[in-house]
Amino acid sequence: MSNRIKVLKTYKIFIDGKFPRTESGRYVKLVKNNIPIANVCLSSRKDLKNSVASARKIFDSWVSKSAYNRAQIMYRIAEMLESRKEQFIEELILQGYNKEKSIVELDKSIDRIIYFAGWSDKINQVFGSVNPVASSHYNFTVLEPTGVVGLISSEESPLLGLISLIIPAIVTGNTTVTIASEKYPLTSISLAEVISNSDVPGGVVNILTGSKSELIPHLAKHMDVNSIGFTEEKKDLRDQIYLDAVNNLKRLVEIPKSKIESEEIESPYIIKKFMEAKTTWHPIEKDFTSSNSY
Amino acid sequence: MSSKIKPLKYHEKLNFSPSLENTDSLSLKKEYQLFINGRFQKPLSNKYFASINPANENKIAMVAQANEKDVDLAVKAARNSYESHWSKTPPKERAKYIYRIARIIQEKAKELAILETLDGGKPIRESRDIDIPLAAAHFFYYAGWADKLDYAFPNRNPKPLGVVGQIIPWNFPLMMAAWKIAPALATGNTVVLKPAESTSLTALKLAEIIQEADLPDGVVNIITGPGSTGEMIVNHPDIDKIAFTGSTEVGKTIMRSISSTSKKSTMELGGKAANIIFEDAPLDQAVEGVINGIYFNQGHVCCAGSRLFVQESVYELILRKLKDRMQSLVVGDPLDKNTDIGAINSKQQLSTINNYIDIGKKEGADIFQLSCDLPAKGYWCPPTLFTNVSQSHRIAKEEIFGPVLAVQTFRTTEEVITKANNTPFGLSAGVWTDKGSKVFNLTSKLRAGVIWANTYNKFDPTSPFGGYKESGHGREGGLHGLSPYLNIE
């Protein structure tokens with residue numbers, strides 16, 4: 001049995017709920033300790049455009065799901081990840097990640113998904129408001145998802161970095177396009193497989209592997225992306241994101257690297273950053289015959 | 001029976017005797033200086049520009065033009081007051097200063113209203129009933145937050161950002177100053193504020209009020225000048241945050257300027273709001289709402305309902321009612337209490353609006369304008385509407401910032417949601433229907449920050465205001481207007 005030829009896994013990208021190869025046909029060989037591990041897709045601008053289109057297409061349907069339903073779907077992602085824990089740990093080690101750290105990474109990631117899942121049907125109770133305007137109107141403010149969110153995974157924290165961006169964005173109804181870590185691309189595609197098996201509609205999460213410096217400008221300039229979430233990048237790249245994002249005034253959510261690793265990020269404030277406040281007014285009829293004049 | 005009753009002719013003009021506001025209570029200086037570090041100072045630039053009454057083109061006063069050195073003085077004053085005392089002033093005491101400002105605005109409401117109307121051209125009815133009362137209310141509301149921030153952000157230990165640069169537009173001069181200054185002070189920041197070039201005077205009156213309220217020196221600095229002065233504030237290295245209200249174009253320029261810095265920002269930018277009338281709406285109220293939505297403040301409103309969508313079945317009826325109602329609008333002297341539509345704010349804005357009216361005609365839309373006599377001097381544009389407009393027309397896509405309405409039709413709810421959302425803007429929208437379920441369907445699907453259902457253009461200090469998409473980011477007003485001025489990480 002030990003001589004059995006192993007079936008190797010082909011890592012592709014994740015667009016619109018499917019796993020295509022990059023349309024460009026390009027790949028890069030991922031090598032660790034001089035051993036080739038996998039061929040990783042070098043996604044193109046076209047792949048990015050397709051991802052954004054798919055995220056936009058599913059947005060109305062995803063945002064219309066009940067908050068309860070989205071919470072359960074988030075919880076399902078955690079369940080799936082828990083059941084595939086060993087696979088992820090093995091894969092992290094294969095990519096050169098330390099074993100102890102890999103275990104911690106998985107535990108933290110799963111717990112973090114569950115933490116954020118719970119906010120789905122609570123965020124508006126904590127951050128929405130009924131506003132006591134002086135005129136005879138009923139006035140209230142709710143938070144709504146921003147729309148299509150581009151996410152740039154941190155180079156470190158191979159799984160936690162993805163979870164800490166994707167889950168807070170999609171839990172309220174945003175749809176996402178993520179550019180994976182160049183250093184640990186395999187984990188992002190395995191996460192895509194988990195998401196694909198967790199009742200998350202196709203297009204809500206899209207994940208692309210490839211060259212960050214190539215893909216990020218296309219993401220930052222894209223006119224149908226509403227927001228970009230990212231962790232610390234080199235100053236020149238960070239500044240470029242800020243500059244390109246002005247094209248259509250994307251909201252930028254920059255998260256310090258240290259927050260990803262600590263539990264500090266586990267707060268509703270990160271979720272809120274991928275949301276907009278909407279205020280609605282409606283007149284209240286005045287009953288002039290009533291003796292009550294309040 | 002009905003033949004004996006003389007029908008009311010709604011489409012005919014009503015004639016009113018003039019009822020001019022008495023301007024005796026207003027005292028004006030010939031020359032206004034920069035308000036820096038609690039004192040009115042001559043500009044180091046030695047330059048002044050004229051503030052013009054757009055209703056008669058008369059010069060009202062000369063206003064100082066701040067240059068780079070003046071801006072630097074103002075920022076230093078704000079930084080110094082932030083470090084030395086304002087950030088250490090107990091929140092309860094901060095609140096009391098802000099309450100004082102609110103009270104003095106109320107006391108001086110009449111002269112402020114007159115000055116706002118003289119300087120900006122808006123009808124006295126609006127400056128008296130809307131701009132000034134709302135400015136006072138804004139200070140009053142945010143004053144109360146100063147010592148309650150821990151309840152707004154439990155366990156977050158909210159901290160002020162530091163020195164805030166604030167740049168405001170000419171459409172609601174004093175009200176915008178209040179929207180900016182009140183939350184900034186309540187949260188413990190100090191301020192350098194620049195009013196718009198064409199409407200500096202009420203902000204300078206506010207500076208006098210701030211002096212009278214005995215606010216510590218340098219907490220609020222008000223400096224005047226053109227766009228280039230604003231640019232100097234944006235680019236000053238010791239500014240922690242820029243709060244801007246104005247056009248999307250300038251907003252983007254500011255965002256580019258600060259892109260490589262750690263400056264924070266709130267942007268309240270342009271809009272092209274959809275105002276939607278369904279066949280089951282209370283039609284007369286809807287028409288009133290459409291008129292108010294687009295002709296309020298001469299259409300110089302970022303959230304103006306400049307795109308009207310009417311369900312086909314009631315289109316002819318609505319159009320007739322709209323035109324009749326337009327005929328009863330009084331255009332003229334802004335100081336006349338009967339006036340509905342005042343003067344266009346500046347010569348430059350008038351030419352922008354007229355340019356769009358030409359574009360509308362050239363693109364093949366049909367124009368209807370109120371026929372009325374316009375004053376010989378000053379800048380005027382009669383209320384205008386275009387029919388036969390399509391989604392691709394520039395008058396249906398671009399912000400005109402004037403009394404120009406583009407009317408389109410629709411058949412189904414789904415269609416109108418798509419059309420309404422088909423814009424890079426997302427500041428506001430209006431919906432008119434008697435059906436509650438339809439109201440909530442629309443209000444939840446329209447991608448905009450403020451939705452008025454069966455009403456339009458209502459504002460309140462407790463009500464968050466601000467846009468989606470290219471209409472900006474951050475909110476002003478209400479609980480949600482606090483966090484843009486705080487570090488709550």
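In which loop of chain B is Asn155(B) found? Asn155(B) sits in the loop between helix 5 (149-152) and strand 6 (159-160) of chain B. Helices (H or I, at least four residues) and strands (E, at least two) are DSSP runs, numbered from the N terminus.

This is a predicted model, in which local features need pLDDT of at least 70, side-chain atom pairs count only at pLDDT 80 or more, and totals for chains, interfaces and linings use all residues. Residues are numbered from 1 along each chain as its sequence is written, while chains are lettered from A and ligands numbered from 1 in the order in which they are written.

Asn155(B) is not a glycine, yet has a positive phi of about 65°. Asn155(B) is exposed, with 7 other C-beta atoms within 10 Å. Exposed means 12 or fewer such neighbours, buried means 20 or more, and partly exposed lies in between, with C-beta atoms placed from the backbone.

Now turn to chain A. Ser157(A) also has a positive phi, of about 35°, and is not a glycine. Its loop runs between strand 5 (148-152) and helix 6 (160-170) of chain A. Ser157(A) is buried, because 22 other C-beta atoms lie within 10 Å.

Chain A as a whole has 11 helices and 10 strands. Of its 294 residues, 48% count as buried. The C-alpha trace spans about 90 × 40 × 30 Å along its principal axes.
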